[in-house]
Structure formats: C-alpha cells, structure tokens
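My notebook is open beside the model today. I want to look at a few residues and at where the chains meet.

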Amino acid sequence: MNVPLMMMAITLLVALTAFLFRKRAHVSAWMAAGGTFLLGLLVLVVPLEEAFDLAILQVRFDNEFVLLGRSLLLDEPARGFIGFLFLLAGVLLASSTYSKTNRFFSPLIVLLSAILAAAMMMKPFLYAAILMELAAIVAVLVLAAPEYPARRAGMRLLFVYTLAMMAILLAGWLLGVVGVTGATPEIARWTAALLALGFAVLMAIPPFHYWLSVAADESHPYVVVTLLLFMQTVGVFFLLRFLDTYEWFRIQSSTYDAMRFIGIGMGWFGAFMMLGQVRMTRVLAYALIMDMGVVLMAASMADQQGLELMMQFTAARVPAVVLWAMNLTSFIRVVGDDTHAKLTGAAHRHRWRSLFLLLGMVLAFGVPFSPVFPGRWVMVQHFASTDLLVLATMFAMWIISGSVVLRWYRILHAESAGNQALVGREAEFYLSCILLGTTFLVGMFPQLVLPWMEGIVQGLSNLIP
Amino acid sequence: MIDTLASTLVIPTVGIAIAGSFLLATRRRVIAIAALAGQYVFVAWMSLSFLPVSFGMVRLLTGLLTSGMLYQSTLVREQSATSGALLERLTGKAFRLIAYGIVLVAAYGVFSSRWFNIPGMEDLVLLSAIGLASSGLLQIGISRESLPIGMGLITLLCGFEMLYTFLEPSRAMIALQAAVHLALALVISYLDSLLPTSSVEGDKTR
C-alpha cells in the first residue's frame, strides 16, 4: 500500500464528507476534525517500508508515490511535520465548531491540509513552492465568504504568495542547478535576496504581512488565526527543510544573523503594533507576528537546541492562541464586533468568555506555566551571555504584552450600562475548559508533549548530524 | 508548419505587446478577457520555440480555459463596468497607455542590460517574458477591482513561467503551472462575484 497516495485519498474523502454536511456546521466540523486527527495519528504510527502481518495478510506500506516523473516521499522529517499539521488541523477544526465560520470552512481546511502535506512530501523539494501557491488559493476561498467578503485581503494574499512562489522557485533553481558557492558571490547575493523574500511571505514577516491587517478587519477572526497558524507553521517547516537541503544556505553565518535581526524586528514590531489597536483580532494577528519573531530568534542560535526550540514554539502556542481566538469569536457573536467600543464593559455580562479570552491572551504571551515559557526561559539564559539585544527584546515583549493584557482587561471590565451578568453556559464553555486544561497541562509538564515536537528535527540529518 | 511557427517569434512578441495594451486600457471586461486569451495564444506560440508541441498545446488549452472561466464570471458585470463619463474614460485610457509605454521601455532597458543572461534563450522570448512580468505588475499596481488585479497576476505569472519553463522544462512543472492558472481563475471569479453590485455601479475606476 502506498501511504502518500492513501493519505491524499483519505484527506479528499474527509473533505468531501465535510462538504456534503456543510449545512450542518457542527457535524461538518467534527467530522473534519476527527478525520484529520486520525490521519495525523496514522501518519505518525504507520510502519513504513517494512512488511508485517495483518491477520492473514502480509502488508507493506510504501513511502513514495511517483507522478509525472516527480515523487511524493514520506521520509522521516516529512512524517513528523505532516503528522503535526494534521493534528493542528484537527484541533483548529474541533475548536471551530462554535465559531460560526463560513460553511465551507471545514472542507476547505481539510483540502488545505492535503495540499500542504503534499508540499512537504514533494521531491525535488523545490516544487513545493507551486503547491504553496495552490494552498494560498485555497486559503483565499476560506478567507473570503459572502458574509465576510474579504476581497482586498484575498487579492493581497494571492499577490504575496505568487511573489514567494516565484522567488523560491528561482532561488531553488540557483541553489540546485546553477550551484552557489563562495566563488560565486553575485549569485549568492541574488539567492539570499530571493530566499529572504520567499520566507518573508511564508512567515508573514513585515512588510509582507500586509494582507493580514486587512484580513483582520474584513474576515472572520477565527479564519484569520487558522490561516496564519497554518501558513506560519508551514513556513517554519520550509525553512528547516531548506536549511537541511542546501548546504550553502546552512553554513552561512549571515543566514543566522539575518534570522536574529529579523526576529528582533518582528518582536518589537508586533509588540508595539499590539499596543494601539482598537480591534482585538488585530491584536491577535500582531501577537502571532511577535511570536514568529521569537521562533526566528530561536533559530538564530544555530545549534540543535535552537532548532528544537523552533519546533517547540510552533506547537506550544497553539492551545492558548486557539482559546483566545475561540472566545474572541464567541464575543463577536454576542456583542456585534471586536472593537474597543463594543467590548467595553462586556465582561460584566459575559464573565466566562471574558475570563477565557484574557487567560488565552496571557498564556499566548508566554507567562510562567504557559507552554511557551520553558522554551523562552532557555532562550533568555542562552542570550544573556551572547546577545543583549535579543535579551532586551524578550523582556520588552513580556512587558509590552503585559500592558496589552491590562489594557484589554480594563476595557472589558469598564463600567457600562446593563451590567447584569447573563446566566447559562454554552458548549463553548466546556471546549474552552478543555483547551485551558491542555494549555496548563503542557505548561506545567512540558516533558509530556514537547520532546515529540523537538524530535521532528532529528530527522533532518544534514542539519543535525 | 509547427517549425515555421516556432521560428517566427516577431509576431507573438508584437501580439503580446498589443494584447497587454488592451488589457490595461480597456474598461470593458469582455474585451480585457479576450485580450488575455490572445495573450495566452501568443505565449503558447512563443513557447513552441523552446518546448515540445504538446507542452505548448497544454499551455494554450489552459489559457483558453482560464479565460473562459473569467468570462463566465464577468457576464453579469459587463454593463456596469462600462459606465462613467466619456472624458473620464478617455483620460483614464490615455494614462494607462502612457504608463504601459513607460513600463515597456523600462522592460526593454532591463532586457538590453543583460541582467538576466540565460544562455540559449532567444532574445525575443526573454524580452517578452520581461515585458509580460512588468505589465502584469503595472496592472496590479493601478487596478482596484479583483478581476483586473487577477488578470495582472496571471500576466505576471505568464512572464515568469516563460522564463522558468525554459530553465526547467518538465511535465510536472507544466502540469502544476496549469493547475495554478485554473485555480487562480476560479478564485478570481469567486472574489469578483463577492463584489456587491451597488459598489460596482458606483465605482468609476477599475
């Protein structure tokens, strides 16, 4: 049996099923979530390239599917990445059940997962850039819906991803075919510039995040967060794959210097942009940009620990961010929108929503007992002796994030007319409790989950000998 | 005959330039889509000089399908898109054509500086690729609605693909590029369909 082919077929089947049940959003979301979650587990546990007995049959799972002379190869690193991607899709889809996204959200997210999974398996790896463009096209279909006609955001997303595709294809061709060495400084400069452009788009590095601010205004907050989490995660995987595949890119010290400076820039930019926003969706979007800055700063450590931290941050932020996004959409449903004016005093009427929302914010910002805190503390200890600018950025991010939480706490708890509490709990309450519990569990016992994420980079044999 | 077509590169080069001017200058969506289809025909023609005939045919078919999909989505909007005062329409056209002329001169400048020096590539193919990419970028920059921006994006991609398939002429690449064009046409049509009719009627610019 061919695992990549089987995986694509099952994903399409799940997407089709979710599509058929699109008018019953809850059913569609739960089916899609269950399907992607099972796929994630299947990818992680299936024994590849070895025969084993299953009842009376002898079964062997092949890890390569060849099409038009190119192959989809499920090797060890791709397996970890794809497993994580499907599990992420499962969590996001399950949490979307009560977010009232558009009715095509579930099938399209499953389809998006399939395309991104194919991109990660693609050999030669260069071709993945075209699949990323196809993923961006599907992302636009998710982003723009009749009730949220995010046309500007959609066109901007398409434009930047088209630029990224072109840049990565050309850079990959220069690296793989022309060959970049120390003796070809002109080509090396071009390659570096093209790669910088490509990754800037994939990781939503300013100013290539410009689709995001419009999307935060025009589209559904949960959809924006879902897409950003997906795209940034895949951006991290791409970066690791590129580092692993192309030696020239990996051995340059300037690669890591650039990551550090971009990371610092993103940290400050995201933190300051969060301060003055009047819409909470924008705060959430800039928080994710700030987070990606931390991921890049971790990558700039240029050692195994840094790479493991990258993966850890990519996974660890998910429950808190989802908790925040889910309760924000819940608020929007009851108060109308996510602006400062509409949310003023809303905590008095919607106590548990407000509590979960603020807890989601606090935990996403990496306070002690949050899942990202142990990794951030490791970074603080590392950079305390090597780079004070990174250290200052880390502490500034904590301080600014704290003031953002305080500001929104005051907005939500401000005095306003009609402050009597609403009684009654909805299903979202229980889902939020589960997410909060997961966040605290991972935060207090990081050894339960995070080593698995860190283990993914072990498969990158060139990067970690 | 195919060999004769493949060796005649002047006609598709001029054709691409003329189609580009229509794409930029016209306010009528149907004409713009016809120009896009024409542009695809000339790009496929030009591809014959460095790609097998079957690849050129795939490219042609993809282009015509893409144009057909965009045409379907635009039928309902045609009437409103032609509204606006005559003087405004003429000055708009003049501005666009002048901008297009400047961009073509700049594209020629890039071409003659041999910035992209790809061994074995015909001069006219390189010139057309740079011209297409530049005019695509111009159209993206000066348009406001989804359809013209989308057509600019497709033009930009056509230019890039002409360069890239010369470097990497594989079946997988051609197939994936065709998929991207069709998916782009789908999503552009979708975004265009989200435009409230009232805003199109009130919008004097493209």
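I began with B:Ser189 and listed what it touches: B:Met69, B:Leu70 and B:Ser73, leaving out residues up to four places away in sequence. Contact here means heavy atoms within 4.5 Å. This is a predicted model, in which local features need pLDDT of at least 70, side-chain atom pairs count only at pLDDT 80 or more, and totals for chains, interfaces and linings use all residues. Residues are numbered from 1 along each chain as its sequence is written, chains are lettered from A and ligands numbered from 1 in the order in which they are written, and side-chain values use heavy atoms, with hydrogens and water left out.

B:Ser189 is in helix 9 of chain B, residues 171-193; helices (H or I, at least four residues) and strands (E, at least two) are DSSP runs numbered from the N terminus. Is B:Ser189 buried or exposed? It counts as buried because its relative accessibility is 12%; buried means under 20% relative accessible area, exposed over 50% and partly exposed in between, with a 1.4 Å probe and protein chains only. I also found its side chain reaching the backbone oxygen of B:Ala185 at 2.7 Å.

Next I looked up B:Leu104, which sits in helix 6 of chain B (residues 86-112). B:Leu104 is partly exposed, at 30% relative accessible area.

Then I turned to the interface. How many residues of chain A are in contact with chain B? I noted 30, meeting 30 residues of chain B. The two chains bury about 2,800 Å² between them, 85% of it on carbon and sulfur atoms; buried area is the accessible area (1.4 Å probe) that two parts lose on being put together, summed over both. In chain A, the residues losing the most area to chain B are A:Leu68, A:Arg151 and A:Met155, together 23% of what that side buries. Helix 5 (128-143) and helix 6 (151-178) of chain A each supply at least two residues of the side that touches chain B. Helix 6 of chain A gives the most to that side, with 11 residues.

My last stop was A:Met444, in helix 20 of chain A (residues 427-444). A:Met444 is partly exposed, with a relative accessible area of 43%.

Key. A polar contact is a pair of N or O atoms within 3.5 Å; within protein, one must be able to donate a hydrogen and the other to accept it, and residues adjacent in sequence count only if both atoms are side-chain atoms.
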